[in-house]
Every structure is written in C-alpha cells, then in structure tokens.
Amino acid sequence: MYFTLLVHVVSLAPAKKQVKTNKKPHHPDNMDIRTVATTPFSDQKPGTSGLRKSVTTFQQPHYLENFVQSIFDSLENYQGQTLVLGGDGRYYNRKAIQIILKMAAANGFARVKVGQRGILSTPAASCVIRKYKTLGGIILSASHNPGGPNGDFGIKYNIGNGGPAPEKVTEAIYARSKVIDSYKILDGSDINLDTLGESKLGEMVVEVIDSVHDYQELMESLFDFDRIHQLLTSSNFKMSFDAMHAVTGPYARSIIEQRLGAGVGCVQNGTPLEDFGNGHPDPNLVYAHDLVEILFGEYAPDFGAASDGDGDRNMILGRKFFVTPSDSLAIIAANAKFVPAYSQGLAGIARSMPTSQAADRVAAALGIDCYETPTGWKFFGNLLDAGKATLCGEESFGTGSNHIREKDGLWAVLFWLNILAARQQSVEEIVREHWRTYGRNYYSRHDYEGVDSERANTLVKNLQVALPNLKGKKYGAYEVEYSDNFSYTDPVDNSVSTNQGIRIGFTDGSRIVFRLSGTGTQGATLRIYLESFEGDVTKQNIETQQALGDLITIADEIAQIRENTGMDKPTVIT
Ligand code: G16
C-alpha cells in the first residue's frame, strides 16, 4: 500500500482561497527499486529437488538473482502476497536471504516470514506455509550435500500446499531462466535476522519468526507426547540424536531434550554450522559415523536417530541395529494405530519407485492402496492433497505424511519413539517381528559418485538399448520378468513423467533399478537399487550384501558397471 502525501499549498498571493492538492502516491523507497539488466545462465534447470550447485556457482554475479526472478516471473498474482523464507544455515544462507528479501520487496510482495537467523528446516518451512496459508516459500538448502565456501548451495520454491513445486512449475521457472533479461531489486539496507519481530523493507513487511515454535506445536498435535515423555525419562531407556551440525539441532533440543524430557546431551552436534563442521550431513551408515559408533559400541543406547542438512531425512537405529528406510516406512505404516493422529486408519501409502516393496505388503494387509511414484518428494503432493495417501516414504532416508508436504526427519523420529513407547519393545524386536509377519525385503543401494557424466550417460543409453531383449533371459536362478524405463501418470492430474529409472524385475519378485541422481553437483552419480524378498523366517538373518550377492553380480553383468564407470566398487553403500 502506498502512503498518500497530502500537501497543503498556501498561496502567498492575496488570499482568495486555499488550495489543497492530492499529489500522486509516492514513497521515497520506490526510488530505490532498481531494474538490473542480466543475461541468462544455461544451467538453471531444477533437479530432483530444486537448483543445487556449488557455492561458487551461486556467487557468480546475477546467478542467484536470475533464478529468484525466474521463480517470481513464473508465479501468478504474487503481488501483495506473503512468502516464507529460510534455509538450513549453510554457508551463503544469510547472504542469499538478504538478496531474496530485497528482490521480494522490489517485486511487490507484501510480507515475508523469515526464520530467525535465516534458519527454517525444510519441514518447518512447509509447516509455516500451510499454517499461515502463504502463497508459497523459498527454501535455501542443498540438503545432505556438504556446505562451506567450497561446498554446495541450493534453492527451491514450494507452493501454497507447502510442498515442492510440481514439474509444471519447475519447468516454467527453467524456461524463464533461459530468456531472462532483467531482475528487480531494492537498494535497502540488510535486515537484522537475529531478532524476532517486524521491520520494513520498502513497502514490504519482513517478519522474523521463531524457527521452531510452529513446527513444535504441529508435532505436539500428532504424537502422544505424554507417553514419549514417560519413555524418555524412564531410567531404562536411552536415546541419542545426531543433528550433524545441521538445521535440526535447535528443533531436536527444544522438542526431544526439553519438551520430551530426554535431557541435555541427548542431541549431539546440535549447533548448526555453516560448513556442518566439515561433515557430510547425510544420515546414513557412512556419513553419520559418530552416531553409528555410539549405537554399535559398548553401552549403546536403545535408540539412535539422525537427520540431514535441512532436516527432512532421517536414519533410525536400534542398539546395534540399522533400520533400512524402506523397512521404516513399512513399519511406521503397520504401527500407525499407536499414534494419535493416524490411529483412525490410513488412506493409502505412497513410495518412490526405487524404494523397496515392503510397504506394499503392509498396504495389502491393511486393504489400502499403495502408489509408486518417481523419485522426488514433489510427486507425493497431489496424492496427499487428494487424500489418496496418508504416509509417504523413500529409500533415500525420507519419510513423511499428510501433516505437511515435505518429508520430515524429526517427525519420523517421533513416530518411532511413539511406537517404542506404546509397544515397550526394542527396535530390533519390532523389526524382526515385522519381517516374520510380512516377510523381509532385503534391500540395498549402491552409489557410484563422481562418475564422468558422459560415461554415465553411455551406461544408461546402453541399458536402454538392451531393455527390450531382456525379458525371459536367465541369470543363474533369476529370470527376467520385465524390463522398462519407469514412466508415471499422476492419478490426480494425469501429468506424465517419463524416463524415471530403468527397472529390471525378476520372476521371483526381485528387482534391480538403475538411475542417475538428480541432486549431485559433481559429474554424475549412478544409483543401483537392489531388492529381493524372503518370506522364509529361517532365511531372514543373512547379512544384506550377502543376501543380495547374486543380484549385485547380475547388475554388473547387465550394465557393465565397472567398465563403464571405471570404478571397481561403489563409493557409498546404504
Ligand atoms: C531429494 C528428493 C528426494 C530424493 C532425493 C534423492 O531429497 O526430495 O525425493 O529421493 O533427493 O534424489 P536423487 O536420487 O535424484 O539424488 P533431499 O533430501 O536431497 O532434498
């Protein structure tokens, strides 16, 4: 809204009459909006989850600004609206926030809700967007990728349902980024992000909000906090949470240590650092080694969990026991009846295609639908909005529900705590009982990181050529039942996403899936997903890599992995 300046003009000539003039609406800050000429960058195509690049890429003049303006230009009727803004606290977060605030002000947003110190975990941002019904939000994160001046940075736009922008929006952003020739920015001074409260940037209100409050309130409405409190304060239960020097530290301290009574010391690496303490904030057995050592060491606690850079991933551990993310989704679904918000039943379950089929078995037992989507949380949005799915999960350490539209690391941890509190059994007992009931889906993902992009593309191309001839082919005891490149038709809006991963399925239900990651920033990352089913209880105790040994060999034979990547083993096995 513009202030109207009422000017009284008093004539010095013989005072016949007094003249009052309403001058054109005017505000001094309008003068400070600059339109900056720019030229497009050709590499601003959002990947699996927004635009992720090295910090140095983002530091190029106009790089961030071009992308932000492309986001704004792709939105409809954003003027006068509210935006949520925050990030995982990594290097360049604060700087980017100041730039985006000034661009939002110049582009006519009425208000931006920004997390204190620029911090908002991805699930918290989704929660705030939904709670205050804002137009959308900008989340600054490269998730689990390392941070610091030589690390990665990222930016993505979430729509009004709180979820990542669907493909039609990301495609519009990309299309705009290819032709952009100017952006708008306000020449104002930086906003103090450390103090809660409101201030103005031109006409726009900047509201610095408590990063934890709204999210904590939501968690409290979903879970049985009294029961979890009893568990966490009992003398025979110990847990350890590793925030990996990333965004969940303040959330876990407030919710798990303080509100739920676990006490100081339960949360390790709880202060968000710009470089994540030089770590790789990816909660898996390789990168969350501090936690793994504790949980697999002497006097191990009963429960261990970790979350990633932006707080949407989770890893669940019992004493000397790892729960695969695929099993975690299935077990959460099978035990939803113990959790207040889900005790009335689930509408359906959704999983990404490469995620194991363990959840399908639970869905079948519950008599509900199970949806198979491409990799990327954005594909769950429509299913959740349409009430077709209640729980969603991915092999990449992501689990979530219809409470927000992002995966949610701490939510998964609280879900497990709620189950443990209700069932009074150990993590291992619960998982083994699950396998006895539903069978065990042995599952592993092998990553080959930093592969030369051309070589990786050749591997995929060769596979694509081989696909039509694989059906009926025998590899030892395995016979190929189908082979294809996964294509998904969204059951809500009928949009089609093709080339989402090469699947080779065998007659006994085993699968090998090949995909190139859409989140890496250096070269290509080849992901190979391996899965086999074991219904025989006496055979559910085999070490995972051993159980999948034949499939690992077959994958190499079919894709010529060693030859094509020049690597003789994966860089990460999860
Ligand atoms: C993102 C997406 C997930 C996806 C993961 C890995 O997670 O939101 O849906 O599973 O990347 O994707 P890719 O296999 O293409 O690397 P995050 O936690 O990185 O935002």
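A polar contact is a pair of N or O atoms within 3.5 Å; within protein, one must be able to donate a hydrogen and the other to accept it, and residues adjacent in sequence count only if both atoms are side-chain atoms. The model is predicted, with local features needing pLDDT of at least 70 and side-chain atom pairs pLDDT 80 or more, while totals for chains, interfaces and linings use all residues. Residues are numbered from 1 along each chain as its sequence is written, and side-chain values use heavy atoms, leaving out hydrogens and water.

One lies 2.5 Å from an N or O atom in the side chain of Thr519, one lies 2.6 Å from a polar backbone atom of Gly518, and one lies 3.2 Å from an N or O atom in the side chain of His144. On its own the ligand has 460 Å² of accessible area (Shrake-Rupley method, 1.4 Å probe), and the protein covers 99% of this.

Around the ligand are 19 residues (a heavy atom within 4 Å), and Arg515, Ser517, Gly518, Thr519 and Arg527 come nearest. This shell divides into 1 nonpolar, 10 polar and 8 charged residues, where Asp, Glu, Lys and Arg count as charged, Ala, Val, Leu, Ile, Met, Phe, Trp, Tyr, Cys and Pro as nonpolar, and the others, Gly among them, as polar.

The lining of the largest pocket can be described by the classes already given: 9 nonpolar, 18 polar and 8 charged residues. Helices (H or I, at least four residues) and strands (E, at least two) are DSSP runs numbered from the N terminus; helix H5 gives the most to this lining, with 4 residues.
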